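Open the model in your viewer and keep the selection panel at hand. The stops below follow one another as a series of selections.

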Amino acid sequence: MLQELSISGLGVIDGASARFPPGFTALTGETGAGKTMIVTSLRLLAGGRADAGRVRSGSSKATVEGRFRVADPEGAAVGDVADILESTGAELDDDGTVIAIRTVNADGRSRAHLGGRSVPVGALGKLVSSVLTVHGQNDQLRLLRPDHQRGALDTFAGARAQKALTAYRAARSEWVASLDELDELRANSRGLAQEADRLRFGIDEIVAVDPQAGEDDQLAETIRRLTDLESIRSAAAGSHEIVAGESESVVERLGQVRTLLETAADDELKRLAGRVGEALTVVTDIGDELTSYLSTLPPDANSLDQLLTRQAELKTLVRKYAPDIDGVIEWRVRAEARLSQIHDPQGSIDELQRRATEAAGAVSAAATTLHGIRVKAATTMGTKVSRELAGLAMGDSTLTVEVGLEAADGDDRLAIEIGGHRTHAGTDGADRVEFALVPHKGSRPLPIATSASGGELSRVMLALEVVLAEPTSGSVMVFDEVDAGVGGRAAVEIGRRLARLARAHQVIVVTHLPQVAAFADNHLVIGKSSGKGAAQTSTVRALDRAERVAELARMLAGLGESDTGKAHAEELLTTAEAERDS
């Protein structure tokens, strides 16, 4: 629930704060006092668009701070709230509340803080929206749109509808991807044929040369040797003769030295014999390596021309396909894989067509399931909303929720079959949902978009919100002049219904009707004041019972200070209190 709200620098409000107890809280005040700014501040906390024009003239920024109780009775956050707090690092206070802050600078930049941490505006809005919902006159207008009516029906249908909608969207996404790939393949068949020719030419050229991994580096080293073959051979042979030749070699002389030292009568000389033996081992190894190296050298440089020709072939491949021979070999592997995909465009088209047909069947099945859930939920929803309308002074008026199928055009690529009907598979299903109002028994249903008056639309909106809120409790529901266009007995019924709704939810209502405000458990008034040459300033304060009587009298007929007005207001408040407490 919302416990506290503080506002500074927003619209006509320089600085104001208010506490919101559980139950039904009414917000009233004269026209232009700033009641709308209360709703605007809550929309900002819920992630609404930051508008620099809302910053109070002369202020550098507007700040909204709300304290929400989000913990369960054991003091721990649960569900989406717990996930958001964990992901953002925000912390609950010891009393199980969290502070949400939204700041809008005069230049339009916006900042958000949650539980003492700077967070993205989206994260702040997600948490606040999970516990608070704002319903205003714009929401009533959105209710006239078919997509919002469909969304309301899905919300009423609950988790089963959401699961079916998710499955449908996944199936549709796969189907659309198959169709897009199929269209691309058909449109690019000539280009694919040309690409296949280029790939075949490159593969054949590489296969003809048959390069081996690392061959270019090895070949370059061999060619370098052959270019200086005689000087290399002379250096290697001369070194070998000195180290391990047949006469007077280093190996032979070191062997002689070791023998002399080992046979000497002096212990110091004998110790040197071991070190000479180590040197003899090293020199012998060098001699063996020189022998091996000489054996790898060609007898003459006649093969150099062949190696240079091979090198030219490899360089041709490197110039065309990759920086080195290893890259050329990788290009061939990728080219063969790509060629296997496009070598038979018609075969690929047939395979994609088969997949698209299967995907269309899956979409049709998912849409049929979703349609059935909506049709069943529509009947129950219409009955429940009609029951609420009866309690809102709308006589015999009833609401019907009609679920039909969107007709598909002749060339609609997303056409599917449902129950023998050809229909369009839209993003949210194949259904067309329409709320229709039956004004009295025996009359035909008429779409609320064309038949409902402002007052009727307000009550339909309230009835709908009451029905949609039934499965849950503990949330905050904010209504901004949901009673617009209503008066008399209908206003009393709206007040009575909001009071009942407040038994399971925290309800905050901006109203201009005394009949509605009288049913509130708590009453806040937004006042305005302005001095000479000063901008208007609004304040928010809670009313005691005597002050409520005066405010209701003002709302009744502007008679806040008259005995007659107060008498009428006292009677209205007493009657509402008796009904609310019964």
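Two strands count as paired if DSSP finds at least two bridges between them. Helices (H or I, at least four residues) and strands (E, at least two) are DSSP runs, numbered from the N terminus. The model is predicted: local features need pLDDT of at least 70 and side-chain atom pairs count only at pLDDT 80 or more, while totals for chains, interfaces and linings use all residues. Residues are numbered from 1 along each chain as its sequence is written, and side-chain values use heavy atoms, with hydrogens and water left out.

**Stop 1**

Select residues 97-105 and 110-114, which are strands β5 and β6. They pair in the antiparallel sense over 5 bridges.

S110, A112 and L114 make up the covered face of β6, and R111 and H113 the uncovered one.

**Stop 2: an enclosed helix**

Select residues 35-45, helix α1. How many of the 11 residues of α1 are buried? The count is 9, so the helix is largely enclosed by the rest of the structure. Buried means under 20% relative accessible area, exposed over 50%, and partly exposed in between (1.4 Å probe, protein chains only). Among the buried residues are K35, M37, I38 and V39. After α1 comes G47, with a positive phi near 95°.

**Stop 3: salt bridges**

The whole structure holds 28 salt bridges, each a side-chain nitrogen of Lys or Arg within 4 Å of a carboxyl oxygen of Asp or Glu.

Begin with E4 and R19, whose closest N and O atoms are 2.8 Å apart. E4 sits in strand β1 and R19 in strand β2, 15 residues apart. E4 is partly exposed at 28% relative accessibility, whereas R19 is exposed at 56%.

Next, select R310 and E215, which meet in a salt bridge of 2.8 Å, N to O. R310 belongs to helix α12 and E215 to helix α8, so this pair ties together parts 95 residues apart in sequence. E215 is buried, with 14% relative accessibility.

Move on to D431 and R374, where the closest N and O atoms are 2.9 Å apart. The pair links strand β12, which holds D431, with helix α14, which holds R374, 57 residues apart. D431 and R374 are both buried.

Finally, show R150, R169 and D428 together; salt bridges link them in a network.

**Stop 4: a charged patch**

Switch to a surface view and select D217, D324, D326 and E330, which gather in a patch of negative charge. Patches are made of residues with over 30% relative accessible area and no salt bridge, with like charges joined within 9 Å. Zoom in on D324, found in the loop between α12 and α13. Is D324 buried or partly exposed? At 34% relative accessibility, D324 counts as partly exposed.

Key. Patch = residues over 30% accessible without salt bridge, like charges linked within 9 Å, V, L, I, M, F, W, Y side chains within 5 Å. Areas by Shrake-Rupley, 256 points an atom, 1.4 Å probe, with all protein chains shown as cover. Lys, Arg positive; Asp, Glu negative; His and termini not counted. Charge placed at Lys NZ, Arg CZ, Asp CG, Glu CD.
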